[in-house]
Amino acid sequence: MKQIWLHIIFVVFLCTASAYAQLDSIQHLPEVMLTDSKLVQFSKGFKLEKLGDSLIKKNATSLTETLRYNTSIYFRENGFGMVSSPSFRGTNAAQTAVVWNGININSVFTGQTDFNTISPLNYSEITIRSGGGGVQYGSGAVGGSIHLNDAYSFQKIDTTQVGLRYGSFSTVGGNASTTQTWGDHYLNVGVDFISSENDYDYVGKNQKNTHGQFVRFKAKVNEARKLKRGVATWNSEYSYNDRNFSGSLNTKGKDAYKDVTTRNLWQLQQKVGVFNTKGSVAHLFERYNYFPDSEKAFNTGGKANTFIGAFQAEIFLQKKLRLNGKVEYTYVDAEGDNVGENSRKTLAAVVLMNHRLSEKFNYGINLRQEFLNDFDNPFLFSADAKYSVSKNYALRLNGSKNYRVPTFNDLYWYAGGNMDLQPETSYQMELGQEFSVGKLKADVAAYYISSEDLIKWVPGNGGLWQPINISKTRNYGIEAVLGYYLKFSKRHSLDFNANYSYTKAEDLEKEKQLIYVPFHKAAGTMEYSFNYFSVYVQGLFNGEAYTTTDNSESVDRYTVFNIGAQYTLPFNPNITFGGRLKNVFNVYYENVAYRPMPSRNLQIFLNFNI
Amino acid sequence: MKTMKRIIFMTLTVLLFVSCSSDDDNQPEYIPAAFEKGILITNEGPFNNGSGNITYISEDYSTVVQNIFKNVNGSNLGNIVQSMGFQDNIAYIVVSNSQKIEIANRYTFQRIDSVTTGLVNPRYFVSVGGNKGYVSNWGDPNDNTDDYLAVLDLRTNTVSATIPVAFGPERMVVANNKIYVAHQGAYGQNNLISVISGTTVESTIPVGDVPNSMVVSGNTLYVLCGGNPSYTGSETAGSLVKIDLATGQVSQTFSFGTTQHPTSLTMDGAKLFYNLDGKVYKVDTASISLPGADIINGNFYTLQAKDGKLYAADAKDYASRGSLIIYDLSTNQQIQEFETGIVPGGIYFNE
């Protein structure tokens, strides 16, 4: 039993080590590798926040929950479990890229990802990369990007984990996954589901959420095989969501939404002379069906297939200079009741460079040029640098040009789609400071983003809404993250994490704050552990956010607290159980006007390892 | 002891990070004794997630009150305040997405009752003969065969009968105890006027595509048809149709250009006004020739002419407060502008 724990600790350690180990990956394959290793290697001057397992598990219902409590991202959520779109550094949902193992998975139709369709439990790690990532991750990585990564290892691993969850509003969830290695093989298989009646009270309104039922199912397979001079990997996931959409305080919910996605990525890494090469092929499939009346069969839908082929070669000179060249071809074919059948081809050439000039100074330059697509092909760049002033203090600086291409809905929607649209462009700068004194870590970042040609649907003559490249915005703000770990004795420890952000996001024409961007947001978690027992309190403050473009109406600020406790059996440390009480003070709150969030509720869970 | 202090310090830090209260609700605004002698504007409200409301502007322009229904009754009207109709002292406020009609005194806006059953995407209300109201209903907007008029018994405020009608019933006018229903066509297009008498469809009169507004003058019904928009793939010209109410027949049709799609017909005296391509046009009913004279620039969500003035609602970007602009029709100059609620869509008058 103990050995298994050692393995887990070892794997976790190696994940961390490979993420921060700078330079050995060419000589030896590290024991645990990220499928998207570029994320760490070419983002030295960017802010990367990795969410640990224990943080994720505290808010495991959906990726929305996980990120709401642990980052400064604001989620515009139409009631619990409903459509949820992020605002990262004051940008909109289509300007936040979600990246799965290095591939941008934002919807072909909407350009965004609904964060309630993603289970946070399904990945080896979740990393938030703040700032522009257009060069590496393509369209939409403007405010920042969320990375869902799988890892693999050829160390001996034999773990199987099962989790069961039960909670208020008839919520049932479960997940099971197993990771096995033998010889040159690595295999990870998992399933995850949640289903909920979601019939919570609207606090103080004498109403109930009567039409918010949801089911989510996910399955994944990750496989890796060591070859003579390299590694072959396969990452695969399937997800299914079936949701009734909640009404608002003024309307009864009636509509429903079903979506299915599959994602597959095959990669072959080979060492050829001094080059480390990687060939990859990926297929993404998405399908949605929208039912205006959940009781009727009538629906409108769409489906899209995305094929990606890429080749990259990397060289590492004198343990100092890392160069990576990549060519990527993407073909998208989409068909929908409202957009007809259309396709898009893109060829992108990317050059990434990172140079460690000295122990203290590291800088990088990244370039991307696209060809073939239907727009004025953008040339994107980013430059970043990190300077470690001392053991306790480091400075980080980055600047980039990013873009977002029009979505298929923007281009082809019937009626209104505008085929003359051009990509949105944005420039940004960030200055960050990292402090670390013992177990106290802090990060303070200030950023500035200027965007133009933003696509906005506006009413034209005759009442027809059409998207045009019209608005200009300017976002700036600061973000502070604080982490502290204190071990009093062998038995007692305290873990503290908090973040705060101030966001000013202005429409330059109206000179008003953008809607659904709160000026202030703060969240914190404090956990106290004693032997096998731990207890935590989690708090979230969300400032007032405007809901109209003239800032005449808003959703109120709110503060929500959750508490939780868990216990691991001393005589069998493979079994852990516990509970959480969410919205302890039963406050009314909403993230979208007139769309209440849940009343006080309880969840219990049981996790065990086999 | 030292550890204890640290714990307390950190607990406080967490609390500080996240504490704040939120009990400052909207302050009620000044309520005049009554909303007599003035303009009432129904504001649809933001499309997805909000409540519409009603703005009052006094006849002498000295008093403007936003959100009068909520101020008086403490509750929101609901989502998409589509329109309002009247019978004597009573206002019937049609709230389409909330599937209901709120009933209030038109001068005090004290809530009297509401109709919450028997309505499916209700659009407009007219009253006939004192005891009966008619409400046009889309039914399921994706089903073109379930559209109907609900007949409201105004004594009990319940739906007493339903009359199945052609697809997409919208605005209605009453003349000689008959109801003329324009079938604009909901999310699609239609080209009919239904004539209702009692609870039966007496006849249907084909007009131009997308009849979007009507006015009655004497024995003539003027119907403004927008025509099919270009995105339908079968674009048709807008038209102005004259119907003789005595015969129930189309007496004359005037056509616009193929790509011209007029909206918001209104009438003052013998003059018709409507909106087309960012301009308000004036047409003399005595000698109709289209498009008439352009008198005012602007793209308005709705128009209402009365006593030598034109009241024009500007919905701006449909996501912020709109405005009501008042023009003097003798000079065609703007004389007033008032802020309204979000998406002002209906203009009414209290004497």
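1. The two chains meet across an interface: 34 residues of chain B are in contact with 39 residues of chain A. Contact here means that the C-beta atoms of two residues, placed from the backbone, lie within 7 Å. Helix 1 of chain B (residues 2-18) gives the most to the side that touches chain A, with eight residues. Helices (H or I, at least four residues) and strands (E, at least two) are DSSP runs, numbered from the N terminus. That side of chain B divides into twelve nonpolar, 17 polar and five charged residues. Nonpolar covers Ala, Val, Leu, Ile, Met, Phe, Trp, Tyr, Cys and Pro; charged covers Asp, Glu, Lys and Arg; the others, Gly among them, are polar.

2. A word on the source. This is a predicted model: local features need pLDDT of at least 70, side-chain atom pairs count only at pLDDT 80 or more, and totals for chains, interfaces and linings use all residues. Residues are numbered from 1 along each chain as its sequence is written, while chains are lettered from A and ligands numbered from 1 in the order in which they are written.

3. Chain B as a whole has two helices and 28 strands. Its C-alpha atoms fill a box of roughly 95 × 50 × 50 Å along the principal axes. Of its 351 residues, 46% are buried, that is, with 20 or more other C-beta atoms within 10 Å of their own, all placed from the backbone.

4. One open sheet of chain B has four strands in the order 24-25-26-27, with antiparallel pairing. Strand 24 (302-306) and strand 27 stand at the edges with a single partner strand each, so one side of each has no neighbour in the sheet. Strands pair if DSSP finds at least two bridges between them.

5. Take the pairs in turn. Strands 24 and 25 of chain B pair in the antiparallel sense over five bridges. Here Thr302(B) stands opposite Ala313(B) in strand 25. Strand 25 (residues 309-314) and strand 26 (residues 321-328) of chain B pair in the antiparallel sense over six bridges. Tyr311(B) stands opposite Ile326(B) in strand 26. Ile326(B) in turn stands opposite Gln336(B) in strand 27. Strand 26 and strand 27 (residues 333-342) of chain B pair in the antiparallel sense over seven bridges.

6. Check the two turns. Strands 25 and 26 of chain B form a hairpin with six residues between them, and Lys316(B) in the turn has a positive phi of about 50°. Strands 26 and 27 of chain B form a hairpin with four residues between them, and Asn332(B) in the turn has a positive phi of about 60°.

Note on methods:
Buried ≥ 20, exposed ≤ 12 C-beta atoms within 10 Å, placed from the backbone.
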